[in-house]
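Biologist: I would like to go through this model step by step. Please show it first.

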Amino acid sequence: MNFDPSTYWEALFSWPFLRGALLTLGLTVAAHMTAILIALPLAVVLNGPPSALRKLITAYVGFFRAVPTLLQLLFVWNALPQIFPIFREEWFTPFLAAWIALSLNESAYQVEINRSALSAVDGGQMAAGQAIGLKRSHIYRYIMLPQALRVALPPTMNEFITLLKLTSLASIISLQELMTVTQINVARTFQFSEYYAVALTWYLVMVYSLMGLQKLVERRFRWSSRTEAAVLAEARRSRGW
Amino acid sequence: MISLKNVNKNYGAFHALKDVSLDIAQGEKVVICGPSGSGKSTLIRCVNHLEPHDSGEIRLDGLEVGAAKDVLKVRRTAGMVFQNFNLFPHLTVLENCILAPKLASGVSDREARKMAEEYLARVHILDQAWKFPIQLSGGQQQRVAIARALCMKPKVMLFDEPTSALDPEMVGEVLDVMGELAAEGMTMICVTHEMAFARKVADRVVFMDAGRIIEVAPPEEFFAAPKSDRARAFLSQISH
C-alpha cells in the first residue's frame with residue numbers, strides 16, 4: 001500500500017487545510033442562515049391568503065430552483081461585475097460572491113421546506129391563537145414557528161449537509177475552500193489518497209458534529225410523544241416550574 | 001351583549017348564513033342546534049371574527065365585529081372553546097393558560113400564573129398544570145381549553161361543539177364545568193347536540209337549518225312542541 005500517514009497527519013492540522021475547512025463551514029453557515037432569513041417571511045406569506053405577492057414568490061422559488069448552482073456561482077462572480085461596475089471593486093471577493101449565489105439558491109429550497117412545515121401545523125392552532133386575542137406576529141412567534149420547526153428540522157439539516165458539500169463548487173471561482181486546497185496539494189505532489197483522506201476527514205467531522213447538534217435540538221420536541229412528554233414534564237417540575 | 005342583524009356569509013358559491021338575526025342579553029345562555037352544515041359553527045365563528053361575515057352587522061359588548069381596529073378587542077371579549085380543544089401541544093397546561101394574558105394583556109408572569117392556577121382549579125385540573133396536553137385525556141384537555149379562554153377574562157363564552165370529539169364517559173365532566181360557568185352568570189353561546197344540557201342550562205334554544213335560524217324558543221317549549229317541521233324531524237332523529 002502506498003499511503004504515507006505522516007503526510008496525512010501533517011496536512012490534517014496544517015493551516016491551509018484548517019483554513020479551507022473553516023471557510024467551507026463558514027460559507028455554509030453564512031449562506032444557510034441568510035437563506036433561512038430570506039425564506040421565513042416568504043413562507044409565512046405563502047402560508048397566508050392568496051395575493052399578488054404570493055405569485056411573485058412562487059416565481060422566485062421556481063427560478064432559483066431551476067438554475068444550476070454552478071451557473072449561479074459563475075454568474076455572480078463573472079457576469080455581475082460586467083453588468084454593474086460597482087462589483088469590480090476590491091471588496092467583491094470570491095467568498096462574498098459564493099455567499100450571495102448560494103444564499104439565493106438555498107433560499108428557494110428553504111421556502112418550500114418552511115412552507116410545508118407551516119402547513120403541517122394543525123389549522124386549529126392558528127384559530128386558537130386568534131381566539132385568545134393574539135396578534136399575528138405573536139401567533140407565529142409563539143405558536144406556529146415552534147411547532148413548524150419540529151417538521152422543518154430534518155429536511156433543513158439535509159439541506160445544510162448538501163450545501164456544505166456544494167460549497168466545493170466555489171473552487172471554480174477560486175475560493176480557497178477545503179476542496180480547492182486539496183486539489184492544489186494533489187496537483188503539487190500527486191499524493192492523491194493522503195490529501196483526499198484529509199478532505200474526507202474534515203467533511204465527516206463537520207457533518208457528524210452537525211448531526212449531534214440536530215439530536216440536541218430535537219430534544220426540545222419531546223412534547224410530541226406521550227412517553228417522552230411525561231419525562232420532560234417531570235424533569236421540569238422537579239426543577240420547579 | 002351580542003346582536004346579529006341580517007348577517008350573511010358565503011364560502012364561494014355556498015351560502016352558509018342567510019340573513020341571520022339574533023339578540024343575546026348579558027348573562028343569557030343560548031344553545032344552537034341543527035343538522036350538520038346548517039351554519040351553527042359558522043355563526044359562532046363570525047361572532048369573534050374567526051370568520052369574517054360578508055354583510056349585515058354583528059355587535060359584541062358595544063364593539064362592531066369586523067372593524068379592523070377592534071378585531072383583537074372583540075376576540076379578547078369573547079372566549080372560545082373548540083371541538084378539537086386546540087391546546088398548544090408544545091406548551092404545558094399552565095403555559096397554555098398564561099400565554100395570552102402575558103402577551104396580549106401585559107400581565108406579569110407572576111400574576112398570570114396566579115390567575116391561571118385559579119381558573120385551572122375552577123375547572124378541577126390544577127393538579128395537572130405541569131403536564132403537556134398529550135398526557136391528558138380529551139375531557140381534561142377540553143377543561144384546560146376552557147380555563148385558557150377564561151384567563152383572558154372574557155365577557156362572553158363561545159362553545160363550538162365542545163363535547164363532540166369526546167369519549168362518552170368524558171362528556172359529563174366538561175358539561176359539569178360548563179354548567180358551573182353558566183351558574184356564575186357567564187353569557188354563553190353553545191353549539192351542541194347535548195339536549196339534556198340544553199334543557200338544564202339554556203335560556204333559549206336556537207334551531208338552524210340550511211343557513212337560516214328557523215326557530216328560537218325556551219328549551220321546555222322547543223323540546224315539547226317544536227313549531228317547525230324541520231325542528232320536529234331533527235328532534236325525532238337525535239332523541240333515540
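Modeller: Chain B contains nine helices and 10 strands, where helices (H or I, at least four residues) and strands (E, at least two) are DSSP runs numbered from the N terminus. This is a predicted model, in which local features need pLDDT of at least 70, side-chain atom pairs count only at pLDDT 80 or more, and totals for chains, interfaces and linings use all residues. Residues are numbered from 1 along each chain as its sequence is written, chains are lettered from A and ligands numbered from 1 in the order in which they are written, and side-chain values use heavy atoms, with hydrogens and water left out.

Biologist: What is the mean pLDDT of chain B?

Modeller: pLDDT is the predictor's confidence in each residue, from 0 to 100. In chain B, 99% of the residues reach 70 or more, and the mean is 93.

Biologist: What radius of gyration does chain B have?

Modeller: The radius is taken over C-alpha atoms, and the globule rule is 2.2 Å times the number of residues to the power 0.38. For 240 residues a compact globule would come near 18 Å, and chain B agrees because its own value is 18 Å.

Biologist: What percentage of the residues in chain B is buried?

Modeller: Buried means under 20% relative accessible area, exposed over 50%, and partly exposed in between (1.4 Å probe, protein chains only). Of the 240 residues in chain B, the buried ones make up 57%.

Biologist: Is N86(B) buried or exposed?

Modeller: N86(B) sits in the loop between strand 6 (78-81) and helix 3 (93-104) of chain B. Its relative accessibility is 8%, so N86(B) counts as buried.

Biologist: What is the phi of E161(B) near?

Modeller: Most residues other than glycine have a negative phi. E161(B) lies in the loop between strand 7 (156-160) and helix 6 (168-183) of chain B. E161(B) is a residue other than glycine with a positive phi, near 45°.

Biologist: Which residues of chain B does Q147(A) touch?

Modeller: Q147(A) belongs to helix 7 (residues 136-166) of chain A and counts as buried because its relative accessibility is 8%. Contact means heavy atoms within 4.5 Å. Not counting residues up to four places away in sequence, Q147(A) touches V121(A), Q125(A) and W223(A), and from chain B P89(B) and H90(B).
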